[in-house]
Amino acid sequence: MSAPSLQAKTPVTSNNSPIRISEIFGPTIQGEGFLVGKPTVFVRTGGCDYRCSWCDTLHAVDSEYRHSWAPMTASAIMMQVEALSGGTPLTISLSGGNPAIQPLSELIALGKENGYRFALETQGSLAKDWFADLDVLTLSPKPPSSGMKTDWDALYDCIRLAGQDTDIVLKVVVFDDEDYAYAREVADRHPDLPMYLQPGNHTPPPAEDDKAESTLAQIDLDGIMVRMRWLIDKVSNDRWFDATVLPQLHTLIWGNLRGV
Ligand SMILES: C[S@@+](CC[C@H](N)C(=O)[O-])C[C@H]1O[C@@H](n2cnc3c(N)ncnc32)[C@H](O)[C@@H]1O
Ligand SMILES: Nc1nc2[nH]cc(C(=O)O)c2c(=O)[nH]1
Ligand code: SF4
Ligand SMILES: [Mg+2]
């Protein structure tokens, strides 16, 4: 019997690997951080290496929901984005789950060929060389209240690999004094990067809540605003004038509604 031919094998590269998609929606506005208010289409990948205690997107994290994550090619994703945007290029926001788990370089190349721009949100636990192809990289390392532990070397690698041509910003969710101290530590470690502080929503949706209507009764809006005011006071009293404090705009508008 002859040895199996190596040439007969299809090379497995990231270029033809499917991307696990939880949902694609928009155009809507970016509700958080650096691009807040900008029209965007969201491409949300399925699966995460973290499990934050207060995650507001468990349907893209909890493996119980993996049956709802579809493997898609880069071109199928772009076709859906183009249908949503009417073919007019805009910023595509890659989120998750942790989108850094997925092979996204082909999608980014394909979209850029057609004039789309790419922003990506990740916790900074996995660094990829294709971060350099992004227009905006938002690194959102997780504070103590999340129950997660920061790998400071991985966070540094994300910044290093994104390089000079990508706008890199930091975004830390803050629930309490410990989280605030953590945000200061992140800023001290990376003084050159813009820092966005976001008050935590202590009333995130349960994972199974896919039919929630747009009602602010789902969230403790007063509680989130109390935290927002407390955060503004902290920053002001500390004379931390490099920080930007922003609530989750989409949560104030739509509550916990999915797909907006
Ligand atoms: C759902 S995550 C997905 C991307 C990535 N896994 C990450 O955490 O950066 C997107 C953003 O939502 C934030 N977020 C998640 N749950 C939140 C909550 N309950 N209140 C405020 N922000 C939250 C995260 O910290 C992150 O900045
Ligand atoms: N409008 C809107 N803005 C967002 N910014 C970050 C989001 C996310 O879930 O990653 C998000 C989202 O789900 N919707
Ligand atoms: S890292 Fe992001 S998606 Fe993953 S559990 Fe935390 S907030 Fe949710
Ligand atoms: Mg969200």
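Which strands does helix H5 (residues 221-237) lie across? Helix H5 lies across S7, S8 and S9, and runs at about 145° to S8.

The structure is a predicted model, in which local features need pLDDT of at least 70, side-chain atom pairs count only at pLDDT 80 or more, and totals for chains, interfaces and linings use all residues. Residues are numbered from 1 along each chain as its sequence is written, while chains are lettered from A and ligands numbered from 1 in the order in which they are written.

**View 1**
Nine strands, in the order S3-S1-S2-S4-S5-S6-S7-S8-S9, form an open sheet with mixed pairing. Strand S3 (70-72) and strand S9 (243-245) are the edge strands; each has a single partner strand, so one side of each lacks a neighbour in the sheet. From one strand to the next, the twist averages 30°. Helices (H or I, at least four residues) and strands (E, at least two) are DSSP runs numbered from the N terminus, and two strands pair if DSSP finds at least two bridges between them. Strands of a sheet pair through backbone hydrogen bonds, either parallel or antiparallel.

**View 2**
S5 and S6 run parallel and are joined by 4 bridges, with Leu120 opposite Leu137 in S6. Strand S6 (residues 136-139) pairs in the parallel sense with S7 over 4 bridges. Val136 has Asp167 in S7 as its bridge partner, and Thr138 stands opposite Val169 in S7. S7 and strand S8 (residues 195-199) are also parallel, over 5 bridges; here Val173 stands opposite Gln198 in S8. Both faces of S6 are covered, with Val136 and Thr138 buried on one side and Leu137 and Leu139 buried on the other. In S7, 6 of the 8 residues are buried, so this strand is largely enclosed by the rest of the structure. A residue is buried if 20 or more other C-beta atoms, placed from the backbone, lie within 10 Å of its own, exposed if 12 or fewer do, and partly exposed in between.

**View 1. Helices H1 and H2.**
Helix H1 (residues 74-85) lies across strand S1 (19-29), strand S2 (39-45), S3 and strand S4 (91-95), at about 15° to S1. Such angles run from 0 to 180 degrees between N-to-C directions of axes, which are lines fitted to C-alpha atoms, for helices over the stretch in contact. In helix H2 (residues 105-113), the residues Glu106, Leu107, Ile108 and Gly111 are buried. The buried residues of H2 pack against S1, H1, S4 and S5. Gly115, with a positive phi near 90°, follows H2.

Trp54, Asp56, Thr57, Ser140 and Asn201 come nearest of the 19 residues around ligand 1. Strand S5 (117-122) and strand S7 (167-174) are the elements that give two or more residues to this shell. A residue is near a molecule or strand if its C-beta atom, placed from the backbone, lies within 6 Å of it. The shell holds 5 nonpolar, 11 polar and 3 charged residues. Ala, Val, Leu, Ile, Met, Phe, Trp, Tyr, Cys and Pro count as nonpolar, Asp, Glu, Lys and Arg as charged, and the others, Gly among them, as polar.

**View 2. Trp54 and its contacts.**
Trp54 lies in the loop between S2 and S3. Trp54 counts as partly exposed because it has 16 C-beta neighbours inside 10 Å. Apart from neighbours within four places in sequence, Trp54 is in contact (C-beta atoms, placed from the backbone, within 7 Å) with Ser145, Ser146, Gly200, His202 and Pro204. Trp54 and Pro71 are 17 residues apart in sequence, and their C-alpha atoms are 27 Å apart in space.

Thr57 is found in the loop between S2 and S3. With 19 other C-beta atoms within 10 Å, Thr57 is partly exposed. An unreviewed UniProt entry annotates Thr57 as "binding site"; UniProt positions are given in the numbering used here, feature names are shortened, and annotations may be inferred rather than shown by experiment. The residues around ligand 2 include Thr28, Phe42, Thr57, Glu121 and His250, and this shell divides into 3 nonpolar, 6 polar and 2 charged residues. Among the residues that surround ligand 3 are Cys48, Arg51, Cys52, Cys55 and Thr57; the shell of ligand 3 has 5 nonpolar, 5 polar and 1 charged.

Definitions and conventions:
Contact = placed C-beta atoms within 7 Å.
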